[in-house]
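Let me look at the structure and jot down what I find.

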Amino acid sequence: PLRLQAYERMTLFMERINPSQLLVRITPHSEDKNDYQNFVIAQIEQEFEHNLTQQVYISDECWSIIITAKNATIQMLRLATKNEKVTDANSLREIIISDLLEKPSPSSAALAFIKNEVGQLW
């Protein structure tokens, strides 16, 4: 039961850091794109720290993939913030969300891996 609960929590974490969910849920406090980027990254890190203990119950490979997805999401935010077309927090949100229409989010591969591992538990 604890192992399954850990997979459920990490699934929720992956869904919550999916940029299309994250950027809709977290609205900018100011127009400054760097402030918004830092705030969103802080939210990702805080949520990750809240789930750190779950690594005890899941495979090392799965944990590694989750960390990779988290870091790739943060990197996506940082790269988009450096984009010349991004002038404020709202344009940062728009460019990331439109980018995700063309390619999957970093968390989608991790979600697929989690689902596969849970399927093997039965």
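Is Glu-47 buried or exposed? I note that Glu-47 counts as buried, because its relative accessibility is 18% (buried means under 20% relative accessible area, exposed over 50%, partly exposed in between, with a 1.4 Å probe and protein chains only).

Before going on, I remind myself that this is a predicted model, where local features need pLDDT of at least 70, side-chain atom pairs count only at pLDDT 80 or more, and totals for chains, interfaces and linings use all residues. Residues are numbered from 1 along each chain as its sequence is written, and side-chain values use heavy atoms, with hydrogens and water left out.

Back to Glu-47: I find it in helix α3 (helices are DSSP runs of H or I, at least four residues, numbered from the N terminus). Leaving out residues up to four places away in sequence, Glu-47 touches Phe-13, Arg-16 and Arg-25 (contact means heavy atoms within 4.5 Å).

Next I looked up the helix pair. Helix α1 (residues 2-17) packs with α3 at an angle of about 180 degrees, the axes being 11 Å apart (axes are lines fitted to C-alpha atoms over the stretch in contact, and angles run from 0 to 180 degrees between N-to-C directions). I therefore log α1 and α3 as roughly antiparallel (over 145 degrees). From α1, Arg-9, Phe-13, Arg-16 and Ile-17 meet Ile-44, Glu-47, Phe-48 and His-50 in α3.

Last entry: Asp-99. I place Asp-99 in helix α5 (residues 89-99), and Asp-99 is partly exposed, at 26% relative accessible area. The C-alpha atoms of Asp-99 and Ala-80 are separated by 9.6 Å.

Key:
Helices (H or I, at least four residues) and strands (E, at least two) are DSSP runs, numbered from the N terminus. Angles under 35 degrees count as roughly parallel, over 145 as roughly antiparallel, 65 to 115 as roughly perpendicular and the rest as oblique.
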